[in-house]
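Let's take a friendly walk through one part of this model. Have the fold open beside you as you read.

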Amino acid sequence: MKNFTKFLSILFAAVIILSGCSSNNAADSQDRSADEKLALSYVTDYYNGTKKEDRLKFVDENVHPDVQGKLRQWAKLGASEDQKLKEPKVAESVPYEDEDSKGSLVLIQSANDKEMIVMIIDNKVYMGLTPSGNDGDSYSEIRSSFKTAK
């Protein structure tokens, strides 16, 4: 009987711990800003998307009008499998502002050690930047705005 009580106590503790973990994930997604959610959607629905029609729909609904033409062209091609970010997650976001616009830079990191910075302006995707591999590229300069390690 003593062992059975001990077993139930351990089982109960495990259920509480697991429940807490799953609610933390739900809370984490609820704590995301609109810009972070949009940036993650850009990666999952547009960049990693497998259907041209879905990518084009994303452009029409979520991309800044100034760059829709260019992203519509890229939507017709799509990213190759080796370029895609596997299991992307928002790592960090920082505010962005220049003389003409205001928004966020959102760092997305993936399980396959790839990352992307998505610029959100006026609640629309303006661009997604990936490292070029060249020293001194604009990605490296913008990446230095984030505290999150590579």
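## Terms and source

Two strands count as paired if DSSP finds at least two bridges between them. Strands (E, at least two residues) and helices (H or I, at least four) are DSSP runs, numbered from the N terminus.

This is a predicted model, in which local features need pLDDT of at least 70, side-chain atom pairs count only at pLDDT 80 or more, and totals for chains, interfaces and linings use all residues. Residues are numbered from 1 along each chain as its sequence is written, and side-chain values use heavy atoms, leaving out hydrogens and water.

β2 runs antiparallel to strand β1 (residues 89-97), joined by 8 bridges. Here Leu105 in β2 faces Val94, and 4 residues separate the two strands of this hairpin.

With strand β3 (residues 115-121), β2 makes 7 bridges, again antiparallel. Gly103 is partnered by Ile121 of β3, and Ser104 by Ile120. The β2-β3 hairpin has 5 residues between its strands, and Asp113 in the turn has a positive phi of about 60 degrees.

The open sheet holds 4 strands in the order β1-β2-β3-β4, with antiparallel pairing. β1 and β4 (124-129) are the edge strands, each pairing on one side only. Neighbouring strands are turned by 25 degrees against each other on average, direction ignored.

Helix α2 (residues 34-47) lies across β1, β2, β3 and β4, running at about 120 degrees to β3. Such angles run from 0 to 180 degrees between N-to-C directions, with axes as lines fitted to C-alpha atoms, for helices over the stretch in contact (heavy atoms within 4.5 Å).
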